[in-house]
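Student: I would like to learn how to read a structural model with care. Could we take one feature after another?

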Amino acid sequence: MKKCYEKKRIHLIQSLYSAFKDRIKISGSNAGLHVLVTFQNHDFCPEELQKLYDNGVAVDWVEDFAIQKGLHKNQLVLGYGNLQLEDITQGVNIIKKTLLL
């Protein structure tokens, strides 16, 4: 299972960097079955997050969990544990289309 999840994690990270280049920073890639993605110069709004969800991409907005509000509007947690490689690719493409970045 470890190799399976490692392959998914690598695929997610490569897909994100391919889609967003230097406009993102990825943290926590060695912890758990998720990564923290910080989008440079882009604060999310609830409407964007709803649009992602409506298009089949479930993300967690760090701002929703933050004690001090307003500092994490540009951060998403993306899980990959239960996804296939094709799902990861499609999800990243949907995020890119939705954000128009």
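**Reading the model**

Tutor: Let us begin with charge: the mean positions of the 13 positive and 11 negative charges of the protein chain are 8 Å apart. Lys and Arg count as positive and Asp and Glu as negative, while His and the chain ends are not counted, and the place of a charge is taken as NZ of Lys, CZ of Arg, CG of Asp or CD of Glu. Please keep in mind that this is a predicted model, in which local features need pLDDT of at least 70 and side-chain atom pairs count only at pLDDT 80 or more, whereas totals for chains, interfaces and linings use all residues. Residues are numbered from 1 along each chain as its sequence is written, and side-chain values use heavy atoms, with hydrogens and water left out.

Student: How many helices and strands are in the protein chain, and what pattern does the chain follow along the sequence?

Tutor: Helices (H or I, at least four residues) and strands (E, at least two) are DSSP runs, numbered from the N terminus. Here the protein chain has four helices and four strands, and read along the sequence they follow the pattern α-β-β-α-β-α-β-α. The radius of gyration of the protein chain is 13 Å, close to the 13 Å that the globule rule gives for 101 residues, so the chain is as compact as a globular protein of that length; the radius is taken over C-alpha atoms, and the rule is 2.2 Å times the number of residues to the power 0.38. Along its principal axes the C-alpha trace spans about 35 × 25 × 25 Å.

Student: What share of the residues of the protein chain count as buried?

Tutor: Buried means under 20% relative accessible area, exposed over 50%, and partly exposed in between (1.4 Å probe, protein chains only). Of the 101 residues, 38% count as buried.

Student: Which residues is Ile13 in contact with, leaving aside its neighbours within four places in sequence?

Tutor: Contact means heavy atoms within 4.5 Å. With those neighbours left aside, Ile13 is in contact with Ile26 and Ser29. For the protein chain, residues 24 or more positions apart account for 57% of the contacts with a separation of 6 or more. Distances between C-alpha atoms are another way to look at separation: Ser18 and Val92 are 74 residues apart in sequence and 9.6 Å apart in space, and Ile13 and Asn93 are 80 residues apart in sequence and 13 Å apart in space.

Student: Where is Glu48 placed, and how far away is the nearest side chain of opposite charge?

Tutor: A salt bridge is a side-chain nitrogen of Lys or Arg within 4 Å of a carboxyl oxygen of Asp or Glu. Glu48 is in helix α2 (residues 46-54) and is buried, with a relative accessible area of 15%, yet Glu48 has no salt bridge, and the nearest side chain of opposite charge, Lys51, is 8.2 Å away. Beyond its neighbours within four places in sequence, Glu48 is in contact with His42, Asp43, Thr98 and Leu99. Glu63, found in helix α3 (residues 62-65), is likewise buried without a salt bridge, and its nearest side chain of opposite charge, Lys69, is 5.4 Å away. Not counting residues up to four places away in sequence, Glu63 touches Lys69, Gly70, Leu71, His72 and Lys73.

Student: Is the phi of Asn41 positive or negative?

Tutor: Most residues other than glycine have a negative phi. Asn41 has a positive phi, near 60°; Asn41 is in the loop between β2 (34-39) and α2 and counts as exposed at 82% relative accessibility. Lys21, which is not a glycine, has a positive phi of about 50°, and Lys21 is in the loop between α1 (2-20) and β1 (24-27).
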